[in-house]
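Me: I would like to learn how to read the geometry of a protein model, one feature at a time. Could we work through a case together?

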Amino acid sequence: MGIHILDAMAREGFEEVIALHDRDSGLRGFLGIHDSSQGPAFGGIRRWSYLTEDQALRDCLRLARAMTYKCAIAGLEAGGAKLVVLDRPGLDVEAVYRAIGASIERLGGRYQAGPDVGTQDSELEWVAATTRHVTDPGPGGPGMLAEATAEGVFAGIGASLRFLDGEEDWPRRRIVIQGLGEVGRGLARRLLERGARVGAAEIDPDRVAAVRVESDVEILDPATELDARCDVFAPCALGGILHDLSITRLRCRIVAGGANNVLARAVHGERLHQLGILYAPDFAINAGALVRGTIHHLEGRRESIERIGARIGATLADLLAQARAAEVSPARYAVDLAEDRIAQWRARAPSQDAPLGPTVR
Ligand code: NAI
């Protein structure tokens, strides 16, 4: 069934959703601004071959809202947004990104764009040709963002292991990663350096070949990773992978990875909890890039990767302990905490409906 956009916006507390269309470049996409009551709304640009407009819009809304939750849990004075682009063969990608930049510029800084699946350094440079409000991938920018995410995920896995067993004990651990992209590879490298055993599934044969040459990652057939017996299953590909069917296949003690929106629905966080699998909430563990990008934007400095890892590890350890004390699942606890904080921001911020002043009509 098609999405009722205004109902969805009201239900999820959205400020604005913009449909993007550019006659010259063929750009088709959506920008969802979930919250800018604290500060600019941050969110990457995802370019993906969505099957339908509806699918793209749903993805946009889910991802934008998750960005606000990330800000709330990480204690950042910023909000969440997401821009999704409907990719298709023959699209003039450079022209599309330039058109996106022009749209972002018109918002005057309320939305700050960054990388996501399908948008890396070269695409960001095209966006930067037409707007100032985008992450600079060069020396003037915040530094490597996916590395910050990988470090945060690594620290979050460490915190999860300590929560269950009192220690990391890396050489005794087996971690299975889904997706050997920017985040998955960075995570694998860190785990191997500590002596852990790492298995991984990846659907892109070129990426598999590159990883085989450069590391000791055990390559698994795609789609078998869910059944693999391991300490930690680390989803680092796309979202929505844990649902009624897939959850029953898991043979891990912990789910902790970089992917956004790992749970198909909130109820799947409860299922994991009932099965005795510790779930590190995605929007708490994968906030490394957001922390780095936001600090650079708001404070004009580069936060070190090590400090970002320590910050995310501490946040996760605290969240897991609080959830246990409250006798609720970590997924439930994290959502409630984020929503409480967002409600507090909104109570402090001037209402969107308030008059803007005598000169504005
Ligand atoms: P990426 O595009 O570099 O890597 C994703 C990898 O997953 C690709 O190599 C792709 O071929 C693979 N993949 C897709 N479906 C798969 C499947 N079913 N089985 C196995 N492999 C599969 O993306 P990146 O930057 O590594 O991000 C990974 C995830 O982490 C995404 O969900 C992203 O939204 C999320 N994330 C990334 C951040 C970053 O800093 N890059 C920040 C926060 C979240």
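Me: In which sense, right-handed or left-handed, does H5 cross H6?

Reply: Bear in mind throughout that this is a predicted model. In it, the crossing in which H5 passes H6 is right-handed.

Me: How should I describe such a pair beyond its handedness, and what are the values for H5 and H6?

Reply: Two packed helices are described by the angle between their axes together with the distance between those axes. Here the axes of helix H5, residues 145–165, and helix H6, residues 182–193, come within 8 Å and cross at roughly 50°.

Me: Which residues make the contact of H5 with H6, and how do they divide by class?

Reply: From H5 the contact takes in Ala146, Glu147, Thr149, Ala150, Glu151, Val153, Phe154 and Ile157, which meet Glu182, Val183, Gly186, Leu187, Arg189, Arg190 and Leu191 of H6. Sorted by class, these residues of the H5 and H6 contact are eight nonpolar, two polar and five charged.

Me: At what angle do H2 and H13 pack?

Reply: Helix H13, residues 330–348, packs with H2 at an angle of about 90°, and their axes are 9 Å apart; H2 and H13 are therefore roughly perpendicular to each other. On the H2 side the contact involves Thr68, Tyr69, Cys71, Ala72 and Ile73, while H13 contributes Ala334, Val335, Leu337, Ala338, Glu339, Arg341, Ile342 and Trp345. The contact of H2 with H13 comprises 10 nonpolar, one polar and two charged residues.

Me: Turning to the sheet, in what order do the five strands lie?

Reply: Strands of a sheet pair through backbone hydrogen bonds, and they do so either parallel or antiparallel. In this model five strands form an open sheet in the order E1-E2-E4-E3-E5, with mixed pairing. The edges are held by strand E1 (16–21) and strand E5 (111–114), each with a single partner strand, so one side of each has no neighbour in the sheet. From one strand to the next, the twist averages 20°.

Me: How many bridges join E1 to E2, and in which sense do they run, parallel or antiparallel?

Reply: E1 and E2 run antiparallel and are joined by six bridges, with alanine 19 standing opposite phenylalanine 30 in E2. E2 also pairs with E4 in the antiparallel sense, over five bridges, and there the partner of glycine 32 is lysine 82 in E4. By contrast, strand E3 (residues 41–48) and strand E4 (residues 79–86) run parallel, again with bridges between them, six in number, and alanine 41 stands opposite glycine 79 in E4.

Me: How many residues of E2 are buried, and which helix lies across E2?

Reply: Five of the six residues of E2 are buried, which leaves the strand mostly covered. Helix H2 (residues 53–74) lies across E1, strand E2 (28–33), E3 and E4, and runs at about 155° to E4.

Me: Finally, which residue in the loop between strand E10 and helix H9 has a positive phi although it is not a glycine?

Reply: Most residues other than glycine have a negative phi. Asparagine 261, in the loop between strand E10 (254–255) and helix H9 (267–274), has a positive phi of about 55°. Its relative accessibility is 11%, so asparagine 261 counts as buried. Alanine 223 also takes a positive value, with phi near 85°, and lies in the loop between strand E8 (218–219) and strand E9 (232–235).

Conventions. Residues numbered from 1 in each chain as written. Predicted model: local features only at pLDDT ≥ 70, side-chain atom pairs only at ≥ 80, totals over all residues. Heavy atoms only, no water. Axes fitted to C-alpha atoms, helices over the stretch in contact; angles between N-to-C directions. Helix = DSSP H or I, 4+ residues; strand = E, 2+ residues; numbered from the N terminus. Left-handed = near helix turned anticlockwise from the far one by under 90°. Contact = heavy atoms within 4.5 Å. Nonpolar A, V, L, I, M, F, W, Y, C, P; charged D, E, K, R; others polar. Pairing = 2+ DSSP bridges. Buried < 20%, exposed > 50% of the residue type's maximum accessible area, 1.4 Å probe, protein only. Parallel < 35°, antiparallel > 145°, perpendicular 65-115°, else oblique.
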